[in-house]
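Work through the exercises below with the model open. Each task is followed by its solution.

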Amino acid sequence: MKSVLLLGLGRLGTKLARELSEMGHEVMVVDRNEERVNKVMPYVTNAQIGNAIDQEFLENLGIGNFDVCFVTMHTNFQNSLEATYQLKELGAKLVVSRAESDTHEKFLLKNGADRVIYPEKQVAKWTAISFISEDIGNFMELDEEHSILEVEVKDEWVGKRMDEIHIRKKYDINVLAVKKGDDMNMKIGPDTVFDEDDVLVVLGSIKKIKKCFK
């Protein structure tokens, strides 16, 4: 169980607060809008009406006691930037801030954010990959270079063993697991044989995975 502070109850902040609470974490939320605070009170540990960029207010929250601090304000980037900076100055262990552009992301990282979430960019990339590339299913981005994706096994791999295909050497892609219907096999070795309906869970760069699974 984690102790979480969440600043900003817009659409993302509200959904994130609910998800974290349902996962069993202790969640404190802060927003200047009383109506938004009242809506989340039933399912969070604590909810306060307050100014998330006020240093004295933040100090009274005991920032260093939280495992993760989220900054999900989106109507005023200057406030988001200032809140991020204040949290880090007050000893936050991990600050995760929301960005709405590449420029925002760079400024947030330079001003205290340990990680940045960029929902619109991430959803756009997932949508493009999932719906345009027919052989690619679920998608999770790890960083700018690497992602984990579910892909349908290539026709020419059916009936062959891993050590016959040389996937890692030839394509620079790692097979993490093989899904057969609802079953997932994570014990992948040189003698693993692929069947026609297999779905592979692979790790690699988006460019190389898309090149391999056209």
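**Exercise 1. Which residues does S80 contact, leaving aside its neighbours within four places in sequence?**

Step 1. With those neighbours set aside, S80 touches V71, M73, R98 and L108; contact means heavy atoms within 4.5 Å.
Step 2. Helices (H or I, at least four residues) and strands (E, at least two) are DSSP runs, numbered from the N terminus.
Step 3. Classify S80: its relative accessibility is 1%, so it counts as buried (under 20% relative accessible area, with a 1.4 Å probe and protein chains only).

A note on the source: this is a predicted model, in which local features need pLDDT of at least 70, side-chain atom pairs count only at pLDDT 80 or more, and totals for chains, interfaces and linings use all residues. Residues are numbered from 1 along each chain as its sequence is written, and side-chain values use heavy atoms, with hydrogens and water left out.

**Exercise 2. What is the strand order of the open sheet?**

Step 1. The six strands run β3-β2-β1-β4-β5-β6, with parallel pairing; two strands pair if DSSP finds at least two bridges between them.
Step 2. Find the edges: β3 (46–49) and β6 (115–117) each pair on one side only.

Conventions
Buried means under 20% relative accessible area, exposed over 50%, partly exposed in between (1.4 Å probe, protein chains only).
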